[in-house]
Amino acid sequence: MFRRLRFRITLLSVILLIVLYSITSFAVFAIIRGTAMQSIDGQLNRAAREILTPGFVTPQEIPGVYIIEAYGAGQPLYASPELAEFGENLATQINNRISTLTTKTYLNYTSSNGHFRILFIPWQSTSGGQRIYLATLTEDSGSLRLLAYLQHIILIVGAFGLVGATLVGFILADRMLRPIRSAWQRQLEFVADASHELRTPLAVIQSNLGIVMEHTDETVLENLEWLNNAHSESRRLSKLVQDLLTLARSDSDQVHIEHGAVDLRDLILHIHELYETLAEMKGIQLKADAPVPITISGDRDRLHQLLVILLDNALKFTQEGGSVHITLTQQRNFAVISVQDTGLGIAKEDLKRVFDRFYTVDPARSREQSAKGTGLGLSIASWVVAAHGGKIGIDSEGLGKGTTVHVELPIPTKFPRVGNGSTT
């Protein structure tokens, strides 16, 4: 698919270049040719005026211009002697060619000895009824050769340009398609991973409900274990679908972000209160350090979701006896939230991919936990931070050395009025 698209983009760019080059070349050539012919015609016209102004007096010499005066066809009344250099009968031949004209005319004449530009001017009739006319002419073969040479150069440059444009077009098309190819590959991986993640809980639900169906003679209490398993997996499936829907909507810019004043200290203390009991049950020390209130412009529900994801991950991968510390500070115009744990840590080679969708750093790391993650939490956290114009990063000294997540959110100088929401 991408190979065909690359070929089409290259072909389109080459066609576009050919059209532009043709139009430009034609315009340049037409301007140069018009200027050259205008100069020649002006020279012929000036020579004619020099003759006609004093009353049809033949000048002694006009450089580069030959003169023919005649009554009609045949041997002219007067012809510049220099014309004999192009052939003894050339003056007669030209005279026969122009003797039938009746109005002032510019015309071209080609002989075996050269190409001539001619200005024909009828002058007056004699008492015998014969018309007297004047023709000024010049040999313009040199100018025509230069124009033909220019035309040849334009064609050669165009041919080389066509080859170069094809090569450059191929290279540029490949570079243009690179991010699209990467996004397409990620989309395929996302669909494959999503299908895999959806299939697992569905299989667990089906197998447990199958067991229940095989024991229809037993009570609900006797099948409670299988029903609990199915219920647990259905909840996990529901959360997974919700996460996928959130990411899909964020990709298509369909998620609405309500911007309002949010006190981060109040929000952090509220989250700390919610998770304090859970941390105690796991034997983990949970601390919150938010000494001063810091207010930002944001969506409280999405920021709540962000903190829940970070705190849930920290508690999930911290062993009994460890600690999780969440802090809030201000650095210049940014509110900085740090969630630091003393848990299992992350290998340095995995740090750059932890925000990728469905990426789990270590299967063994997940197996040690009772609640296995879907690999979407940090992707959603990254999107929430980006939607608020902030940055998120993660640090770890390695496996077994804990993890710290840093979130920077901008502090606005002015807050939007209540009800003025915006979308991202």
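Modeller: Start with the surface: F7, L11, I15, V19, I23 and F170 form a nonpolar patch there, with about 540 Å² of accessible area together. Patches take residues with over 30% relative accessible area and no salt bridge; like charges are joined within 9 Å, nonpolar side chains (Val, Leu, Ile, Met, Phe, Trp, Tyr) within 5 Å. Accessible areas come from the Shrake-Rupley method with a 1.4 Å probe, and for residues only the protein chains shown count as cover. This is a predicted model: local features need pLDDT of at least 70, side-chain atom pairs count only at pLDDT 80 or more, and totals for chains, interfaces and linings use all residues. Residues are numbered from 1 along each chain as its sequence is written, and side-chain values use heavy atoms, with hydrogens and water left out.

Colleague: Which helix gives the most to the nonpolar patch?

Modeller: Helices (H or I, at least four residues) and strands (E, at least two) are DSSP runs, numbered from the N terminus. F7 is found in helix 1. Five residues of the patch come from the top contributor, which spans residues 2-52: helix 1.

Colleague: Is F7 buried, partly exposed or exposed?

Modeller: Buried means under 20% relative accessible area, exposed over 50%, partly exposed in between (1.4 Å probe, protein chains only). F7 has 49% relative accessibility, so F7 counts as partly exposed.

Colleague: Is the chain compact or spread out?

Modeller: The chain has nine helices and 14 strands. Its radius of gyration is 45 Å, well over the 22 Å that the globule rule gives for 424 residues, so the chain is more spread out than a compact globule. That radius is taken over C-alpha atoms, and the rule is 2.2 Å times the number of residues to the power 0.38. Along its principal axes, the C-alpha trace spans about 135 × 60 × 40 Å.

Colleague: What share of the residues in the chain is buried?

Modeller: The accessible surface of the chain comes to about 25100 Å², and 56% of it belongs to carbon and sulfur atoms. Of the 424 residues, the buried share is 38%.

Colleague: Which backbone oxygen does the side chain of T318 reach?

Modeller: T318 sits in the loop between helix 6 (300-316) and strand 10 (323-331). T318 is buried, because its relative accessible area is 6%. Leaving out residues up to four places away in sequence, T318 touches I284, S323, V324, D341, T342 and G343, contact meaning heavy atoms within 4.5 Å. At 2.5 Å, its side chain reaches the backbone oxygen of A314.

Colleague: How far apart in space are L77 and I132?

Modeller: L77 lies in the loop between strand 1 (66-70) and strand 2 (78-79). L77 is exposed, since its relative accessible area is 52%. Leaving aside neighbours within four places in sequence, L77 is in contact with E69, A70 and Y71. L77 and I132 are 55 residues apart in sequence, and C-alpha to C-alpha the distance is 9.3 Å.

Colleague: How far apart in space are D251 and E225?

Modeller: D251 is found in helix 4 (residues 224-251). D251 is partly exposed, with a relative accessible area of 48%. D251 and E225 are 26 residues apart in sequence, and from C-alpha to C-alpha they are 39 Å apart.

Colleague: How many residues apart in sequence are the parts that R117 and D41 tie together?

Modeller: A salt bridge is a side-chain nitrogen of Lys or Arg within 4 Å of a carboxyl oxygen of Asp or Glu. By this rule the count comes to eight salt bridges. R117 and D41 form one, with the closest N and O atoms 2.8 Å apart. R117 lies in strand 4 (residues 114-125) and D41 in helix 1, so the parts tied together are apart in sequence by 76 residues.

Colleague: Are R117 and D41 buried or exposed?

Modeller: Take the two residues in turn. R117 is buried, and D41 is also buried.

Colleague: Which helix holds R300, the salt-bridge partner of D266?

Modeller: The side chains of D266 and R300 meet in a salt bridge (3.2 Å, N to O). The pair links distant parts of the chain, 34 residues apart: D266 is in helix 5 (residues 264-282), and R300 is in helix 6.

Terms used:
Polar contact = N/O pair within 3.5 Å; in protein donor to acceptor, adjacent residues only side chain to side chain.
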